[in-house]
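Here is a short tour of one model, with stops at its surface, a charged pair and its pockets. Keep the viewer open and follow along.

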Amino acid sequence: MNLAWHYFREQRFLMVGYTMLLALNMLAGTLYWPEMRDNFPEMIKFIPFEPIQNFVRAFEQHGFWAYFCVQHFYKGAGMFGIAAAGLMGTGIVAREVDRRTAELLLSRPVSRARILFARWLTGAVMLFVPFLLVAFATVPMAATVDESLNMWNLLRGTLYSYLFILMTFTAATALSTRFSHHLKAGMLVLGFMLMHLAIYMVQDLWDYSLYNWIDLDLVMPIADEIIPWYEAAWMATLTLLFYGLALWGFRRRDF
């Protein structure tokens, strides 16, 4: 419990900032929806990227659910989520080395496996709770613009898209066990993910982007109970692989 509390205290301000970004993104997006709802054809003319044009076409055809999927599951998870995940994950070990407190952390009468799991699990919860709360907080927001959201669809979509955040967080954790400066590890993870975001915007390359796993074509059909199990299995498998690498690296690390 002390291990979890210690890590929570270290990352609590990052969690607050992450929560505020998610909430402000959905609040601003919801308030802008009525204006967008009446101007789809005009908006498409001024959008240079084909993927974004496809998003707007989906808004026109499928309404607020498609818009919410892009705002929270794609943008919230794929931008704000990975930013918080990268910074939190690299703080699990590398930050302690950077601050020269790793020896103090390891002086506790518990195994390295338990230390890693307690800190990783705390971070995973800190990333999940704001993501879930903001998703459900959008329900009353939607009502103010004469729209509605189904609770079960929200839950299923949130759980699925959260796997993208968790995968990034665990990859950052694995790097954290190998670096001595947490910002270097964090920038490596974020740089890699931003490269994939850039690839997603290029028509000839977007099939190679990891952002296809939270693409609108996958998350929007969740409302029809079409769950992307294949992609979910890939993200879960990579999460387990990265955690295994993190545990292996932490056990071998000589501080």
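## An exposed leucine and its patch

In this predicted model, Leu-31 counts as exposed because its relative accessibility is 57%, and the cut-off for exposed is over 50%. Leu-31 sits in helix α1, which covers residues 2–37.

Leu-31 is also part of a nonpolar patch on the surface.

Side chains of opposite charge can pair when their charged atoms come close. How many salt bridges does the count come to? The count is one: Arg-119 pairs with Glu-10, and their closest N and O atoms are 3.2 Å apart. Glu-10 lies in helix α1 and Arg-119 in helix α7 (residues 112–143), so the pair ties together parts that are 109 residues apart in sequence.

Are the two partners buried or exposed? Arg-119 is buried, with a relative accessible area of 1%. Glu-10 counts as buried as well, because its relative accessibility is 13% and the limit for buried is under 20%.

## The largest pocket

Now for the open spaces. Rolling a probe the size of a water molecule over the atoms shows where empty space is left. The largest pocket has a volume of about 280 Å³. It is lined by 13 residues, and the closest to its centre are Ala-171, Leu-175, Val-189, Phe-192 and Phe-242. Two or more lining residues come from each of α8 (151–176), α9 (182–200) and α11 (229–252).

Helix α8 gives the largest share of this lining, five residues. By class, the lining of the largest pocket divides into eleven nonpolar residues, one polar and one charged.

## The second largest pocket

The second largest pocket holds about 220 Å³ of space.

Helix α3 provides the largest share here, six residues. The lining of the second largest pocket has seven nonpolar, four polar and three charged residues.

Note on methods: Residues are numbered from 1 along each chain as its sequence is written. This is a predicted model: local features need pLDDT of at least 70, side-chain atom pairs count only at pLDDT 80 or more; totals for chains, interfaces and linings use all residues. Side-chain values use heavy atoms; hydrogens and water are left out. On a 1 Å grid over the protein atoms alone, a cavity is a set of points where a 1.4 Å probe fits but cannot get out, and a pocket is an open set with protein on both sides within 12 Å along at least five of seven lines; lining residues have an atom within 4 Å of a point. Grid points are joined across faces, edges and corners, and a volume is the space filled by probe spheres set on the points. Helices (H or I, at least four residues) and strands (E, at least two) are DSSP runs, numbered from the N terminus. Ala, Val, Leu, Ile, Met, Phe, Trp, Tyr, Cys and Pro count as nonpolar, Asp, Glu, Lys and Arg as charged, and the others, Gly among them, as polar. Patches are made of residues with over 30% relative accessible area and no salt bridge: like charges are joined within 9 Å, nonpolar side chains (Val, Leu, Ile, Met, Phe, Trp, Tyr) within 5 Å. Accessible areas come from the Shrake-Rupley method with a 1.4 Å probe; for residues, only the protein chains shown count as cover. A salt bridge is a side-chain nitrogen of Lys or Arg within 4 Å of a carboxyl oxygen of Asp or Glu. Buried means under 20% relative accessible area, exposed over 50%, partly exposed in between (1.4 Å probe, protein chains only).
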